[in-house]
Structure formats: C-alpha cells, structure tokens
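Please keep the sequence and the model in view while reading.

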Amino acid sequence: MANPTNLKYTKEHEWVLIEGDTAIVGITQFAADALGEIVFVDLPKVGAKTEYMKIFGEVESTKSVSELYSPISGEVTEVNANLAGSPESVNSDPFGTGWLIKVKFSEIPELMSSTEYDALVGE
Amino acid sequence: MKQTVLYPEHVALGASFTDFGGWDMPVRYGSDLAEHHAVRNSAGLFDISHMAEIRVTGAQAAAFLDYALVNPSSEIAISKAKYSLICNPDGGVIDDLIVYRLGEEEFLIVANAGNRHNVVVALKQREANFDNLVFTDESDDWALIALQGPKSEAILQPLTEVALYEVRYYSITAGVVGGIDVLIGRTGYTGEDGFEIFTPADKAREMWQTLLTAGGTDLTACGLASRDTLRLEAGMPLYGQELDLEHTPYEAGLGKVVRVDREADFVGKSALTALSQQEPERKLISLQGEGKRAARHGYEIFNLGSDSPIGEVTSGALSPTLGYPVAMAYLKTSANIEVGTVVEADIRGTRTPFTIISAPFYKRKK
C-alpha cells in the first residue's frame, strides 16, 4: 500500500492532511495493520487542545492498546463520530473514512514527507 | 524462534506472526474478529503444532500418571480424555494438560508449548519408582491441527470413515482422514464443538490443505489472537496468565480437578490436601464490564471508592461475541467479591466499573 503523497506523517504513524487552517489527523495503514482489528477508539472532545507529539487519545484492538500522538498543536474542531459505531473503518480505510480528528492550528510543525515515512516503514 | 511444520502454509495465507512461547505463530491471517466469529458461527482451523505431545506406555503407565498428576488417569476409560494438572510438591501448577487414554497401557499427554521442557523434566523425576514404563516426547513427530466450531463435524465427516457422531466430547480415536493416519480428539480450547487432529508432521501440510479445501467458505484459518478471545469467553485458563507456579488449583477454581480423596500418594498430595481444607487467599473471578474499554492483563481492581487494590486482571478483552468487556482477575477473598458485586478496574488512570459474574462468559447452545 502506498502512503499518499499529499499527506504529512509522524514517526508515531499518524498522518495529517492540511486544509487551510485545519488539519485532519489519522493513523497510517502501516499502524492500522500492526494493531490488528481496532475495536475501540478513544478521542478527545470538540474544543479540547492538542499539543504536538503529546497523547490525544487511544486505539484498542482485541490484543493491544496504543496511544495516539498529535502531529500538530491546536484545538479539536471535529471528531469522527462514525468511529464509535464502526471503529473498524480505521483498518479498512485509514486514510479516508477512518480519519480521527480535525484540529484548527496556527502553525505547522516539522513533519515527515511521504517519502521519508516510506523509508521509516521500509517501503 | 521455532516454526511449526505448517509455517509455509501460514506465510502463503498472508498471516501476521507473533512470538508465543518461543514459537513464531500466526496471530491472525486477516481480521481476528472475523476469525473469532467464524469459530462461533461456522468453523475455524488452527495450527497448534507448537503444543507438546508425550506418550507414556507400559504396564505401570496408569499407576505412574496417577502419581505424577493431580487426578487419576487410571479412571479414564480407553479412548476417553481428561483435563488434568501437573503440580509441584507445594501445589503450584507446573502445567495444565489433557490426558488421552489410547489403550489399557497407553496414554498421550498434551502439554503447553512453553512448558514442554518443565513437564518432561517433572515426569522424568517422577518415574523413578515405576518399572516397565516407556516415556517418549513425541512433540516433534506430531503436528496438531484444531478444527473448531459448529460446522466442524460436517466438514470432517466426508474425509473419514470414522463415525464422528460416535466420538463424543473428550474422546479420541485413531482413524484415517484424507488418506492420512491420524488421531482424532474431540477436544478444543474455544468453547465450541470441534476436533484436534494429531497428524504425522511430514503429512501436516497435506492435511492442512485437505481440511481447508473441504471446508471451503465454511472454514476460516484462525490465528492465536482469536484463539485467545475464544478461550477467554469460554472461561478457560491460559497458562502464564491464570495459571502458574504461584497460584494453586484452588485459587484458580480448579479444585475439582484435584483428587485429594484417593488413598494412593501423588506429587503435591499433602500440600494440596491442606490447601483444599482452607479458604484460598485469592480467587480467580470473572468480570463483566460496560462500554468498550477492556481491562487488560496487569490492571488493578478496587472495591468501589477504595484506594487499595484487591487484585489484578489476568486476561481481558472486549468480547467479540458479547460486545462488552470481559476479564478474569485474581481477587482477595478478604474483599467483597461475591457474584453481583460491582468493582472498579483502573484502566490507564480511569476507574471503570465491572460486575463480578459466574464463569463462563459464553456457553454454547447444545
């Protein structure tokens, strides 16, 4: 699977799509595959603050739980409500319907390009 | 890491692997939830060739096993099986086992992969006083393939002339499956009906393929992730989580497996007899949660509003079948741990209510 070139990435396997002053955040296919089938996603509430590379939530599979690290500092403007009922979308469509949160930000921190992330996960 | 003879089959099926007791085992092939549901609703196929098989034969085989294990193998009828424990002299559990009686003087013991060495050593030590005993670790000669789920019999029957309906739960028979000589045990670790097929290692890949082909869309290759959630729902202990040298059979709720009421001596008898007469300090308890957050291995349990833990979780997951979190935990018997009591699990800093219920979480409809 290819990591989309229009996204930015973190070493903790989150992706970011920048749209104006809003960042859409998710986890990569690589992370989703490594976790196994996701059964629960714990996300912050709208209005919560996120901080660059600080924990903003958790994803649980049957076998494990992993923390989510925010790729960007800002304020949560929307969370993906569909994940409460269909957490498996994070596995089936991590770069699309499996997105996690939208964050309003004021500056873009240092993030990896898709080429750099490809190298990190050995693709 | 060790690989079973079926490893190339798992690679071909695209499995993800995990280290389990020193073995590189398939954890899932695709979705572990789909694999779990396949076993509950149709059938699943597991490679459990990492498990150890030990054969004991000879005129004193039954007497030897009566001495070496906590319940008497001499009472097992030929072609039947029994769940047992091998304990140390203090009553600590070295392993949990299934003992199959193949003949008057012939038994096959299946032990956990990670305990193979310890079980073999313990049995060797215990055979000193017995003559005419042949004791063979056949683990490398056998592949063990588990076919589990309500459609197991329908899938297996066309491949064998053995009348499977006559092979009752916890029985074993020799037979031919797909042209291969095997032993067919009606046992398992999923809470469903099914078979464990002891296959000569050099025929294992052929058997695996024969079964998958025969099962078609009714049969799903399943990894250890689903095996763990299936056994947890069924309330079955896993050595290393619920069972170990530090916990007694009475704490683990396996007191009825231990037969202290017999005259003959067996290893652990005096310690276990004393333990059987007192209330254990802690007990393995079943917990049912709400919502979706699982209490996992090592998480602490509290009585409501208390800051002193009363125990900790040994195994826990969001139950795929039931949809709510389930867990097993060792809890102090000095605390309030009656069925119906609500306790709290500390889930990574958040106190989360769980209700103590009677085991198991899931029981199949007969």
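B:Gly103 stands opposite B:Glu106 in E7(B), where strands are DSSP runs of E of at least two residues, and helices are runs of H or I of at least four, numbered from the N terminus. This is a predicted model, in which local features need pLDDT of at least 70 and side-chain atom pairs count only at pLDDT 80 or more, while totals for chains, interfaces and linings use all residues. Residues are numbered from 1 along each chain as its sequence is written, with chains lettered from A and ligands numbered from 1 in the order in which they are written.

E6(B) and E7(B) form a hairpin with 2 residues between them, and they pair in the antiparallel sense over 5 bridges, pairing being called when DSSP finds at least two bridges between two strands. E5(B) also runs antiparallel to E6(B), joined by 7 bridges, and B:Tyr83 has B:Ile98 as its bridge partner in E6(B).

Among the buried residues are B:Phe64 and B:Leu65, and what covers the buried set includes strands E5 (81-87), E6 (93-103) and E7 (106-111) of chain B. E6(B) is itself mostly covered, with 9 of its 11 residues buried.

Leaving aside neighbours within four places in sequence, B:Leu65 is in contact (C-beta atoms within 7 Å, placed from the backbone) with B:Val56, B:Ser73, B:Val99 and B:Phe107.

Methods. A residue is buried if 20 or more other C-beta atoms lie within 10 Å of its own, exposed if 12 or fewer, and partly exposed in between; C-beta atoms are placed from the backbone. Two residues are in contact if their C-beta atoms, placed from the backbone, lie within 7 Å.
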